[in-house]
Amino acid sequence: MDITDIFKIPLFRNFTLQMQEEFLDKLEYTLDKYPKGETIIRQGQPCHAVHVLLEGKLNVDVLDVSGNEVRVEVIQAPRTFATPHVFAEKNVFPATFSVEEDVTLMRISKDSFFKMMHTMPLLLHNFLCVSTSCNRCTMTRLRVLSFRGIRSRYIYYLLDHLKEGEDTVEMEHNQVQLSEYFGVTRPALSKEIGKLVDSGFIHISRGKVKILNKQALISLL
């Protein structure tokens with residue numbers, strides 16, 4: 001593990017070498033290791049520190065209205081998570097985080113991080129950008145669920161994850177996870193995906209979905 005990997009993360013990006021050294025020297029933090037299968041944070045727990053995943057992978061699950069855990073994503077190091085929530089009025093974690101691959105977790109004290117933002121305008125700028133990105137993810141999830149039909153939810157998901165100038169989406173979720181994300185059954189989702197493939201709208205291969213007719217997909221929303 002190389003602690004300077006944190007400077008690859010958007011929250012700490014574009015730091016000069018001098019800024020990196022000063023930041024690590026003044027920062028108050030702890031490092032903890034967790035094995036695969038362990039739940040390290042539960043939804044609703046207080047969030048009193050900035051969390052940085054330095055090594056490994058974490059599963060991120062939320063409780064739906066029925067009390068079922070729904071897999072929303074798998075995050076991989078290095079990256080931060082739940083960053084805006086540390087300064088929220090109701091500063092609790094929005095999800096449950098469990099270890100998919102052995103993890104090294106860095107926890108930065110809230111007070112220490114706040115002081116560093118006062119002395120490093122770039123850190124404050126990065127924090128605001130990350131917070132905006134987190135809000136966008138929340139809005140995407142709400143937008144997906146606003147569509148009634150399974151096909152429409154899937155199409156919107158594809159188009160939202162399609163990068164500009166490209167025609168292929170690298171899927172973050174498998175079909176089981178997607179069905180949970182959409183709040184539908186896996187067979188129902190599989191059936192709708194099959195129809196899109198058979199109709200020539202998309203082609204699926206090795207976890208990638210190639211969009212063959214973007215305008216036709218948009219017209220189906």
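Cys-129 is partly exposed, at a relative accessible area of 41%; partly exposed lies between buried (under 20% relative accessible area) and exposed (over 50%), with a 1.4 Å probe and protein chains only. This is a predicted model: local features need pLDDT of at least 70, side-chain atom pairs count only at pLDDT 80 or more, and totals for chains, interfaces and linings use all residues. Residues are numbered from 1 along each chain as its sequence is written, and side-chain values use heavy atoms, with hydrogens and water left out.

**Cysteines**

| Residue | State | Relative accessible area |
|---|---|---|
| Cys-47 | buried | 0% |
| Cys-129 | partly exposed | 41% |

The whole structure holds 0 disulfides, meaning pairs of cysteine sulfur atoms within 2.5 Å.

**Overall form**

The chain has 7 helices and 9 strands. These are DSSP runs numbered from the N terminus: helices are H or I with at least four residues, strands E with at least two. Of the 221 residues, 41% are buried. The C-alpha atoms fill a box of roughly 60 × 40 × 35 Å along the principal axes.

**Helix pair**

The axes of H4 (residues 150-161) and H5 (residues 175-182) come within 11 Å and cross at roughly 110°. Axes are lines fitted to C-alpha atoms, for helices over the stretch in contact, with angles from 0 to 180 degrees between N-to-C directions. H4 and H5 are therefore roughly perpendicular, a class that spans 65 to 115 degrees. Arg-153, Tyr-154 and Tyr-157 in H4 meet Leu-178, Tyr-181 and Phe-182 in H5; contact means heavy atoms within 4.5 Å.

How values were computed
Parallel < 35°, antiparallel > 145°, perpendicular 65-115°, else oblique.
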